[in-house]
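Reader: I'm new to this one. Could you walk me through how to read its features?

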Amino acid sequence: IYTGTPSNCSYPDLLMRVRVDPGRALVELVEAQLLSGRGRTYFQQQARGTSSSMVKITGDILRAFPLVLPCVEEQRKILDVAAAVHVQLTNLTDGRIALGELKATTSDALLSGRVRVP
């Protein structure tokens, strides 16, 4: 999602500009659906090209993507829940990393003999 300046930016020929009607969809929800597993699978199956290493997505393929668009208020609620889940996952991941570091430090101290267990 481009939010920078200038508002009239240029982009390479292999990128597509997608404009979202804010009365129908929140751009963050559209992005989430396009980047989801379902979205990735859809685009992998629809991509076309003469070489498997140079497949492309056309505007028609993008327009045919089956977006799920409840009312905008429901979309806001979905994004709020997704943000809360993301925060929880980040916290759990940080905790797991901290526990791994604690285990490694404790194991090293015990195995090196710096700390003795009676």
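Reader: How do the residues of the lining of the largest pocket divide into nonpolar, polar and charged?

Author: Ala, Val, Leu, Ile, Met, Phe, Trp, Tyr, Cys and Pro count as nonpolar, Asp, Glu, Lys and Arg as charged, and the others, Gly among them, as polar. Here the lining has 18 nonpolar, four polar and six charged residues. This is a predicted model: local features need pLDDT of at least 70, side-chain atom pairs count only at pLDDT 80 or more, and totals for chains, interfaces and linings use all residues. Residues are numbered from 1 along each chain as its sequence is written, and side-chain values use heavy atoms, with hydrogens and water left out.

Reader: Which element gives the most to the lining of the largest pocket?

Author: Helices (H or I, at least four residues) are DSSP runs, numbered from the N terminus. In this case α1 gives the most, with five residues.

Reader: Which residues are buried in helix α1?

Author: Buried means under 20% relative accessible area (1.4 Å probe, protein chains only). In α1, residues 27-35, that goes for Leu-29, Val-30 and Gln-33. They fall within an arc of 100 degrees seen down the helix axis, so they line one face of α1; the arc is that of the directions from the axis to the C-beta atoms. They pack against α2 (37-46) and α4 (72-112).

Reader: What is Gln-33 in contact with, leaving aside its neighbours within four places in sequence?

Author: Contact means heavy atoms within 4.5 Å. Gln-33, with a relative accessible area of 10%, touches Arg-38, Gly-39, Phe-65, Pro-66, Leu-67, Val-68 and Leu-69 in that sense.

Technical notes: Buried means under 20% relative accessible area, exposed over 50%, partly exposed in between (1.4 Å probe, protein chains only). Helices (H or I, at least four residues) and strands (E, at least two) are DSSP runs, numbered from the N terminus.
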